[in-house]
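Got the viewer up and a selection box ready? Let's walk through this one stop by stop.

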Amino acid sequence: NATASADYESQDYQHTAVEVVLETLFDDQRQHLTEKTLRPIACGQPFILAATAGSLNYLRQYGFQTFAPLIDETYDTITDPGARLMAIVQEMRRIADLPQDQKLHLFEALHGIALQNQQRFFSDDFHRQVVLELETNLAQARANL
């Protein structure tokens with residue numbers, strides 16, 4: 001189905017603790033975030049972001065919090081895509097191997113950050129920021145015609 005990547009089941013978020021976001025770009029130099037990253041933010045879900053190096057920092061520029069030090073996000077600084085992917089997998093394994101009580105404590109702390117991000121996503125301030133960015137980009141595009 002051509003729209004499958006844009007579809008989601010809200011029930012999935014009730015049965016998962018952390019989403020692994022596989023962004024469109026991974027082995028590239030460009031910063032490019034899509035609905036794939038914004039969906040868990042809008043749904044109040046913690047996530048690990050498999051994207052190009054520096055994508056978490058790019059996301060922070062929009063006022064969102066990421067999950068360090070609860071999640072080791074040093075993977076985001078690794079420029080080699082293969083090494084970055086291995087670091088992401090290693091962090092996923094670390095979390096999976098935590099004792100159940102530590103895992104539950106981690107998920108609660110992550111969820112608190114995710115809820116703050118959700119509030120930011122639906123805030124007037126974020127809306128204004130995105131609209132201003134769109135207007136600026138359109139004005140630059142028109143000037144380059």
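Start by selecting Leu59: it is buried, with a relative accessible area of 1%. Here buried means under 20% relative accessible area, exposed means over 50%, and partly exposed is in between, using a 1.4 Å probe and protein chains only. Leu59 sits in helix α3. Helices are DSSP runs of H or I with at least four residues, strands are runs of E with at least two, and both are numbered from the N terminus.

Before you click on, know that this is a predicted model: local features need pLDDT of at least 70, side-chain atom pairs count only at pLDDT 80 or more, and totals for chains, interfaces and linings use all residues. Residues are numbered from 1 along each chain as its sequence is written, and side-chain values use heavy atoms, with hydrogens and water left out.

Now show what surrounds Leu59. Leaving aside residues up to four places away in sequence, Leu59 touches Leu33, Thr37, Ile41, Phe47 and Phe64, where contact means heavy atoms within 4.5 Å.

**The pocket**

Which residues line the largest pocket? Select Leu33, Thr34, Leu38, Tyr58, Leu59, Tyr62, Phe64, Phe126, Val130, Glu133 and Leu134. The elements giving two or more residues to this lining are α3 (55-60) and α6 (124-143), and α6 has the largest share, with four residues. Color by residue class and you get nine nonpolar, one polar and one charged. In that scheme Ala, Val, Leu, Ile, Met, Phe, Trp, Tyr, Cys and Pro are nonpolar, Asp, Glu, Lys and Arg are charged, and the others, Gly among them, are polar.

The volume of the largest pocket is about 210 Å³. Grid points are joined across faces, edges and corners, and the volume is the space filled by probe spheres set on the points.

**Helix α5**

Next, select residues 100-121. At 1.5 Å a residue, the 22 residues of α5 should span 32 Å, and its end C-alpha atoms are 31 Å apart, which agrees; the expected span is 1.5 Å times one less than the number of residues. Show the side chains of Lys103, Leu106, Leu110, Ile113, Ala114, Asn117 and Arg120, which are buried in α5. They cover an arc of only 105 degrees around the axis, so they lie on the same side of α5; the arc is that of the directions from the helix axis to the C-beta atoms. The cover over these buried residues includes α2 (35-42), α4 (81-96) and α6.

Pick Glu108, whose relative accessible area is 59%. Its C-alpha atom is separated by 30 Å from that of Leu25, 83 residues apart along the chain.

Slide over to α4. Its 16 residues should span 22 Å at 1.5 Å a residue, and the end C-alpha atoms are 22 Å apart, which agrees. Which residues of α4 are buried? Highlight Arg84, Ala87, Ile88, Glu91 and Ile95. With an arc of only 100 degrees around the axis, they are on the same side of α4, and what covers them includes β2 (47-50) and α5. On the other side of α4, Met86, Gln90 and Arg93 are exposed.

Back up into the loop between α3 and α4, where you'll find Asp80, partly exposed at 42% relative accessibility. That loop also holds Pro69. Check omega there: the peptide bond from Ala68 to Pro69 is cis, with omega near 5 degrees. Most peptide bonds are trans.

**Zoom out**

Finally, show the whole chain as a cartoon: six helices and two strands, in the pattern α-β-α-β-α-α-α-α along the sequence. The C-alpha atoms fill a box of roughly 60 × 35 × 35 Å, taken along the principal axes. Of the 145 residues, 32% count as buried.

Notes: On a 1 Å grid over the protein atoms alone, a cavity is a set of points where a 1.4 Å probe fits but cannot get out, and a pocket is an open set with protein on both sides within 12 Å along at least five of seven lines; lining residues have an atom within 4 Å of a point.
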